[in-house]
Every structure is written in C-alpha cells, then in structure tokens.
Amino acid sequence: MKKSCVGLFLFTFLFSNAQKSGTSTVLTDITEKVKDYYIDKEAYKKADSLFRNELNKGAFNALNKKDFAALLTQKLRTTIKDEHFFVKYLENYMPEKQMSEKEKEKLNNEHNSLENFGFETVQRLPGNIGYINFKGFASPEASEKTLAAAMNFVANTHALVIDLRENGGGENGMVLLFCSYFFDKKTDLYTTYFRHNNKTVLNSTQPEVSGQKYLHKKIYILTSKNTFSAGEAVAYFLQQYKLAEVIGEKTGGAANPVDHFIIQNQYLLLVPAGKITSLASQKNWEHIGVTPNQEVKSEDALKAAHIKILKNIILAETKTELTIPEIKNLINKLEE
C-alpha cells in the first residue's frame, strides 16, 4: 500500500514538473517576442515579471491549453495596457514548414470567403441611402471583387452609411483599399514605424480602384465600443479628412498593428509591433479611441444616421423616390 502511494506521488510530482517546464518554455518564448517586437522596448520587463509571479503562484497549473491562452491574453492586455495582445491555442496546428505561404494564404482566404470577406449586408435604405455593414478586413487581394460589388451597388445613392459597430479589424492593406474609394486621388494617410527593424513605411490610398468611387457625397460611419483596430482606422481617417461623420460610441482605442508568431507549434501570439502616425494629425487613436461627431448608444446609431440624412434631404430639396410628406412621415416613425 505504501509503495503504491509513493509511486503515485512520484508520478504526480514528475508530471507537475513537466507541465510547469512546458508552461515556462511557452512563457519564455512569449517574453522574447515581446522584447524583440513590441513597440515599447521596455514592456517585456512587465511581461517577464508577470509570468514569473503567476508561475510561482501556480496560476496556470490547473488550466487546459485553451484556458491558459485566454488567461495569458487577459493578463498581457491588462499588465501592458494594450488590447492588441492575443494568445490562442491552436488545437490542430500544422507547422509552418509543412505549409507554403501560398497554401497558408489560400486556406486563410477560404475561411474569409465563408464570411463574405466581412461584408455582412449591402442595401439601399428608404430615401436612396446606401448602407454597408462591414464586420472585418480580410486581405485586399481576396476582398477586392466583393468590395467593388458593394461599392457599385451603392454608387447611385445620395448618401452612404458604413456600419462598423461589429468590426473587429483585420488587414492593413484592406484599410487602404477601402479608403481609396473615398479619395479622388492618391493620398498619403499615415506612416507605420516598426521598432524591430527600425523601419518606417508610408501608407497611401490607391488612385484607381476596381469599383466605382464614392466621392463628394455625405458619408456616415457607425461605431461602438467594440469597433476595433482596422475598423477604427477607417473611421479615424475619413473623419480626419472630413469625408465622413462618425455616429455612435467611442471606439476601443487600438491603433498599433500586430505581428503574428507561432509559439512552440501550439499557440498563436499577436504582438503589437508598429506605431501608426496620421499625417493629418501627427497622432493616432491608441488608448483614446475615435470620438464620434454625434455620440449615441450603438444600438441607436443607424436610426440617428438615417434621421439626419432624411432631414438633410428635406433641407437640400434633394429628389428621391419619396415625396416630402413621405420623408417627414418616415422621420416621425424613426423618432418614435
């Protein structure tokens, strides 16, 4: 009986140490990535101190790998105060050496196509108003045709509502392509500085796009506190250049672009590795968010934008499919 207990204790001890060792390796690798890539070169010290304390307390001992990743995400975000940090357990990960860049891109595009590259809804609202509900930014190469189709659909409307209330961000290149539809010529929007290679990149809109540009018309962008990263970028830059009004809630406040890393062939790590600087304001929206021109609860933002556009139609005596009495009646219904 005693021999059995000793054997069980020894197995538990060895398993616990092996588990701790594996966890420690993951934490060390994450700390190194933060040290080498994060925009603040001193922030890795906070991560290192955090991980050592949590490891010593045994905070990770009883967690499965999925919950371990979720806890790391929460701890990194609160300790370093950057919402762009993200850790995810990759249950069926295929090591990168077994998959070419072309294969990875194809797989990613196939996944994004299942969500229509972020375009949830495109429609015409009463009063000849365009509406695009855009939930995420996939790669510009994969999204180009869908974006062109959406913009061609709303091309003949008098005003446009871009709904970014559920937009969690995505590809920087898609930000530039999307914004290109609202600038009549190539425009330098911002620079991105990357600390790990001490390189600054200039980011500009495209002079030509596949679809029809939407120029010299009223544009309204809907936001919420969940509007994040690339979603915030579109709202920020179109607001900065006075091409759009923002209606809704202040956004999340995550401007720094990320690099992706695979840790121990088990975890995906996102590290904010760059700093964006607007050429118009010499600032960005990091930790601040985008402040709406008209602040309302996110659930009321579409109604607020629709009412505003309809009232402008009456003032400007713009011809639509609705008569003035019909527009006034619609405004009354929306205001109820």
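1. A residue is termed buried when its relative accessible area is under 20%, exposed when over 50%, and partly exposed in between (1.4 Å probe, protein chains only). In α7 of this predicted model, the residues that qualify as buried are A230, G231, E232, A233, V234, A235, Y236, F237, L238 and Q239.

2. Because 10 of the 11 residues of helix α7 (residues 230–240) are buried, the helix is largely enclosed by the rest of the structure. Helices (H or I, at least four residues) and strands (E, at least two) are DSSP runs numbered from the N terminus. The cover over the buried residues of α7 includes α6 (172–180), β5 (188–194), β7 (218–223), β8 (245–248) and β11 (274–278). After α7 comes K242, with a positive phi near 55 degrees.

3. The axes of α6 and α7 lie 10 Å apart, and the two helices pack at an angle of about 35 degrees; axes are lines fitted to C-alpha atoms over the stretch in contact, and angles run from 0 to 180 degrees between N-to-C directions. V175, F178 and C179 of α6 make the contact with A230, A233, V234 and L238 of α7, contact meaning heavy atoms within 4.5 Å.

4. Helix α5 (residues 140–153) contains a kink of about 30 degrees centred on T146, the bend being the angle between axes fitted to the seven residues ending at a residue and the seven starting there. T146 is also one of the buried residues of α5.

5. Local features in this predicted model need pLDDT of at least 70, side-chain atom pairs count only at pLDDT 80 or more, and totals for chains, interfaces and linings use all residues. Residues are numbered from 1 along each chain as its sequence is written, and side-chain values use heavy atoms, leaving out hydrogens and water.
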